[in-house]
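Trainee: I would like to learn how to read a helix and a side chain in a model. Where do we begin?

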Amino acid sequence: MDLKGKRAIVTGGTRGIGRAIVLELAKHGCNVLFTYRKSSNESKDLEREVKNYGVNVFSMQADAASYKDAEKVAKAAIEKLGGIDILVNNAGMTKDNLLLRMSESDFDDVIDTNLKSVYNYTKVCIQPMMRQSFGRIINITSVVGLFGNPGQANYCASKAGVIGFTKSVAKELASRNITANCIAPGYIVTDMTEALPDKVKEDILNKVPLKRPGKPSDVAKAVVFLCSEYADYITGQTIAVDGGMSM
Ligand code: NDP
């Protein structure tokens, strides 16, 4: 799968799944600008690692929930990379609690970071994509956006919202040769899931037919597939990368 010379924005690229996506895109020849919220040391380490693949790489501190930050990131991608072919909306967070105890700010923070961010970045990237009649938008949702999860009403609402948003955008932009798809990871080992109690991890694993948790690279490979010419005729879809959990 050749992405040589393509130009990608990846939100939340410093850790976990986002980091693996940045590396996998670079491995296939894609130039990348990735964002992060706090981890500036990790961003510099990742830039160094990515340069080994001989591609251009830049990182920017930018809050995914901020439209103004998204505008700055898109402008920087056009200046530094020369355009935007691929957008991966990956940045995400959890603030889990039963609804009875979920504060309004915990609901709003998760919606803003996981769902409004997808609006922010898609909105600022589609004009350059439309002008060049090419674009690949990949949104990282979650299997819990498909079937819900106790303690995650905010997170599940945000991830279900991403799926609806993606289908609408796919219909709006198909005539411009821009595809928009979701990837719904299951249980992937990252800082986000390491925070879960052991009993919860064990219960999730019992529901995974492949009997192992996923690796960030399992998700990253699916992203590269959706960006490649092998997926040119796929749009508006949600692909679960979950070891069979959502069957
Ligand atoms: P991690 O918590 O390991 O990493 C999150 C990344 O997103 C970090 O790079 C973080 O930057 C960045 N980020 C978080 N908030 C913001 C923000 N407001 N602005 C910019 N960057 C931000 O998460 P995962 O890798 O596990 O998750 C990645 C995506 O995959 C998320 O959308 C998540 O919901 C989804 N997902 C994950 C699953 C899993 O099992 N791990 C399952 C299903 C979906 P910084 O380091 O600076 O904080």
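Mentor: Begin with a definition. A polar contact is a pair of N or O atoms within 3.5 Å; within protein, one must be able to donate a hydrogen and the other to accept it, and residues adjacent in sequence count only if both atoms are side-chain atoms. Here, the side chains of Gln132 and Arg7 make such a contact, at 3.5 Å. A polar atom of the Gln132 side chain also lies 2.8 Å from the backbone oxygen of Ile84.

Trainee: What should I know about the model and its values?

Mentor: This is a predicted model, where local features need pLDDT of at least 70, side-chain atom pairs count only at pLDDT 80 or more, and totals for chains, interfaces and linings use all residues. Residues are numbered from 1 along each chain as its sequence is written, and side-chain values use heavy atoms, without hydrogens and water.

Trainee: Is Gln132 buried or exposed, or partly exposed?

Mentor: Buried means under 20% relative accessible area, exposed over 50%, partly exposed in between (1.4 Å probe, protein chains only). Gln132 has 30%, so Gln132 is partly exposed.

Trainee: Which residues of H3 are buried?

Mentor: Helices are DSSP runs of H or I, at least four residues, and strands are runs of E, at least two, numbered from the N terminus. In H3, the buried residues are Asp69, Ala70, Val73, Ala74, Ala76, Ala77 and Leu81.
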